[in-house]
Amino acid sequence: MLIHTTLRFLKGYIANPYWPAMERIITIRKQSGVDRARSEAKRAASLKAWLDTHDLTLDDYKALETAATRPFHTAEDGMIVIPAHQLHGFMANVAALAPSAIRLAKPEQIRNVIEWGDLRTGKSKPDGMWDRFVRNPLTNQRRLQSSNYIADFQASGSLQLIDEDQEKKAREFIAWGGREVGVGAARKMGWGRFDVITWKADLAPADAAANVIRRQRLRHRQRHRQLTGSDRRSDHEAL
């Protein structure tokens with residue numbers, strides 16, 4: 001069963017995605033010794049030497065930095081989306097915390113019950129920057145952390161519910177999770193909380209619903225391969 005839904009995020013949403021490019025940046029900085037150098041000139045020299053030996057340029061490195069610091073996932077048209085993989089993580093968290101009366105499935109089984117597509121937010125740029133101090137539990141030292149956010153918006157999309165008889169319980173489960181758990185980053189600080197404001201079942205064939213979600217998952221895999229150079233699965237296998 002395909003369900004079209006709209007979620008209302010009053011406070012807002014923070015994504016803080018960890019991109020494959022960030023892993024690449026961390027590896028380069030470790031191997032080049034940039035962070036061990038004591039002066040700006042030595043840091044620049046260390047980085048350039050490493051890049052030269054790996055047939056990369058400073059422009060390549062800057063492009064990686066740009067890709068690694070993108071604050072949100074976006075659709076092809078540039079609109080900010082809440083990606084399906086974050087929504088699946090949200091479902092697993094809710095399954096672990098929800099009362100048994102509304103629990104839809106165990107955390108390890110929840111992905112077999114509901115399949116999300118991306119949710120479109122109607123936003124194309126952040127609404128602001130949220131700053132807070134974060135404490136390192138090992139040193140008790142605090143550092144300033146800043147995150148882009150979008151606020152007071154409605155996110156629309158669809159999900160596929162495998163068991164049609166679970167429709168009412170699925171809505172209660174997601175609504176409870178929106179109030180008590182949230183999606184994205186900084187959830188304990190109230191970000192990512194939402195209300196379900198529309199929920200409409202589509203009795204179209206399940207195959208059509210599955211194909212929509214599969215195409216979105218394929219696009220995510222293609223973007224991942226472009227950033228990492230990996231090609232472990234073909235497009236045909238992904239579909």
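I began with Thr5, which has its place in strand S1, residues 2-9. Strands are DSSP runs of E with at least two residues, helices are runs of H or I with at least four, and both are numbered from the N terminus. I was working on a predicted model, where local features need pLDDT of at least 70, side-chain atom pairs count only at pLDDT 80 or more, and totals for chains, interfaces and linings use all residues. Residues are numbered from 1 along each chain as its sequence is written, and side-chain values use heavy atoms, with hydrogens and water left out.

Is Thr5 buried or exposed? Its relative accessible area is 2%, so I noted Thr5 as buried. (Buried is under 20% relative accessible area, exposed over 50%, partly exposed in between, with a 1.4 Å probe and protein chains only.) I then checked Thr5 against Ala155: they are 150 residues apart in sequence, and their C-alpha atoms are 8.3 Å apart in space.

Next came Asp118. I found it in the loop between strand S4 (114-116) and strand S5 (119-120). Asp118 counts as buried because its relative accessibility is 13%. What does its side chain reach? It reaches the backbone nitrogen of Ala84, at 2.8 Å.

Then I turned to the rings. Rings of Phe, Tyr and Trp (its six-membered ring) pair if their centres lie within 6.5 Å; planes under 30 degrees apart are stacked, over 60 edge-to-face, the rest tilted. I got 7 aromatic pairs by this rule. One is Tyr149 with Trp191: the centres are 5.0 Å apart and the planes at 45°, so I logged the pair as tilted. Tyr149 lies in strand S7 (residues 142-149) and Trp191 in the loop between helix H5 (167-180) and strand S9 (195-202), so the pair ties together parts 42 residues apart in sequence. Trp191 counts as buried, at 5% relative accessibility. I also listed one aromatic cluster, formed by Phe9, Tyr13, Phe72, Phe90, Phe153 and Phe194.

Last, I looked at Arg70. Its charged end sits over the ring of Trp19, 3.7 Å from the ring centre. (The rule asks for NZ of Lys or CZ of Arg within 6 Å of the centre and within 35 degrees of the ring normal.)

Key:
Polar contact = N/O pair within 3.5 Å; in protein donor to acceptor, adjacent residues only side chain to side chain.
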